[in-house]
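Q: I have a protein model to read and I am new to this. Can we go through it feature by feature?

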Amino acid sequence: MKSEESQFPEKRKTIPPYMKAISGSLGGTVEACCLQPIDVIKTRLQLDRSGNYKGIIHCGTTITRSEGVRALWKGLTPFATHLTLKYTLRMGSNAMFQGAFKDSETGKISNKGRLLSGFGAGVLEALAIVTPFEVVKIRLQQQRGLSPELLKYKGPVHCARMIIREEGILGLWAGAAPTVMRNGTNQAAMFTAKNAFDVLLWKKHEGDGKVLQPWQSMISGFLAGTAGPVCTGPFDVVKTRLMAQTRDGGALKYKGMIHAIRTIYAEEGLLALWKGLLPRLMRIPPGQAIMWAVADQVTGFYERRYLRGAPL
């Protein structure tokens, strides 16, 4: 009884949501700068209906040759901004959701609680941040050439204004449904897997004062980021198609998520729903590796300073 009472105050020693949010924002900034070219190639491949690009390398070299190296960083401003805000919201909200799902007596959280917390964080980020930023990013990335006078959208702000003027404010939320499904599923799997790999590989528990080396965080983050792209490929392709279409030519080709899935399957075949999977696998797992390497160092500093000796 005495030992339980002496341990009770220490059970509250967990990393606060605001520190998780800060760690996510810093990790997102570094990730965006490193991996933007892969995201540009992924988007071009997903929008390529006529087979102009023969693969990842051909797509990258074609863009560089015809549009210049800078074209591989098209849409970096909205991409970096959206990643920073997304990770801030994702990490902070997941920590808050996990706090709500923790057992009041033991302070522990079940795998079901982790899954639901991750899914909730993914849905929240999809609606609040990801969808409008990705609409702008994809519209910018699908433009070809670097001459400003030949481009419809001159920059992120101009692009957002044009979308609102031509399609209404809801135009910024085109493809919201598949984005919610993609992000919710991704984050449910990612947070659960990251914790599992930390415990399995490194015996690391939150609040134990142990700080992972960057390479350890990168391995855990990389492994945790591999399952999502395979499971959510169709949602990502449909999201990109819905976000990229405009009303310039009259009626919209895709009426919604289900209609888009059926249309793509009928016109292009089943594998078209996983277009861009390889560049997603080249971007998301390494992106998670980079983000977690940064985030774990930030939260690790907090643990060393304030939570050392906290219970597992």
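A: Start with one term: a contact means heavy atoms within 4.5 Å. Keep in mind that this is a predicted model.

Q: Among contacts between residues at least 6 apart in sequence, what share joins residues at least 24 apart in the protein chain?
A: The share is 77%.

Q: How many helices and strands does the protein chain have?
A: Helices and strands are runs assigned by DSSP and numbered from the N terminus. Here there are 12 helices and zero strands. Read along the sequence, the pattern is α-α-α-α-α-α-α-α-α-α-α-α.

Q: What does the radius of gyration say about the protein chain?
A: Compare it with the value for a compact globule. For 312 residues that value would be near 20 Å, and the protein chain has 21 Å, so the two agree. Now look along the principal axes. The C-alpha trace spans about 75 × 35 × 35 Å.

Q: What can I read from the surface of the protein chain?
A: Take the total, then ask which atoms supply it. The accessible surface comes to about 14,800 Å². Carbon and sulfur atoms hold 65% of that. As for burial, 51% of the 312 residues are buried.

Q: Is Glu125 buried or exposed?
A: Use the cut-off: buried means under 20% relative accessible area. Glu125 has 0% relative accessibility, so Glu125 counts as buried. Find Glu125 in helix H5.

Q: Which residues is Glu125 in contact with, leaving aside neighbours within four places in sequence?
A: They are Lys86, Leu89, Arg90, Val130, Asn183 and Gln187. Take Glu125 and Asp208: they are 83 residues apart in sequence and 29 Å apart in space, C-alpha to C-alpha.

Q: Where is Glu31, and what does Glu31 touch?
A: Glu31 sits in helix H2. Its relative accessibility is 2%, so Glu31 counts as buried. Not counting residues up to four places away in sequence, Glu31 touches Leu83, Tyr87, Arg283, Gly287, Ile290 and Met291.

Q: At what angle do the axes of helix H2 and helix H5 cross?
A: Read the angle against a range: 65 to 115 degrees counts as roughly perpendicular. The axes of H2 (residues 17-47) and H5 (residues 111-141) come within 10 Å and cross at roughly 75 degrees. That makes H2 roughly perpendicular to H5.

Q: Which residues make the contact of H2 with H5?
A: H2 supplies Gln36, Asp39, Val40, Thr43, Arg44 and Leu47. H5 supplies Lys137, Ile138 and Gln141. By type, the contact has three nonpolar, three polar and three charged residues.

Methods: Residues numbered from 1 in each chain as written. Predicted model: local features only at pLDDT ≥ 70, side-chain atom pairs only at ≥ 80, totals over all residues. Heavy atoms only, no water. Axes fitted to C-alpha atoms, helices over the stretch in contact; angles between N-to-C directions. Helix = DSSP H or I, 4+ residues; strand = E, 2+ residues; numbered from the N terminus. Parallel < 35°, antiparallel > 145°, perpendicular 65-115°, else oblique. Nonpolar A, V, L, I, M, F, W, Y, C, P; charged D, E, K, R; others polar. Rg over C-alpha atoms; globule rule 2.2 N^0.38 Å. Buried < 20%, exposed > 50% of the residue type's maximum accessible area, 1.4 Å probe, protein only. Areas by Shrake-Rupley, 256 points an atom, 1.4 Å probe, with all protein chains shown as cover.
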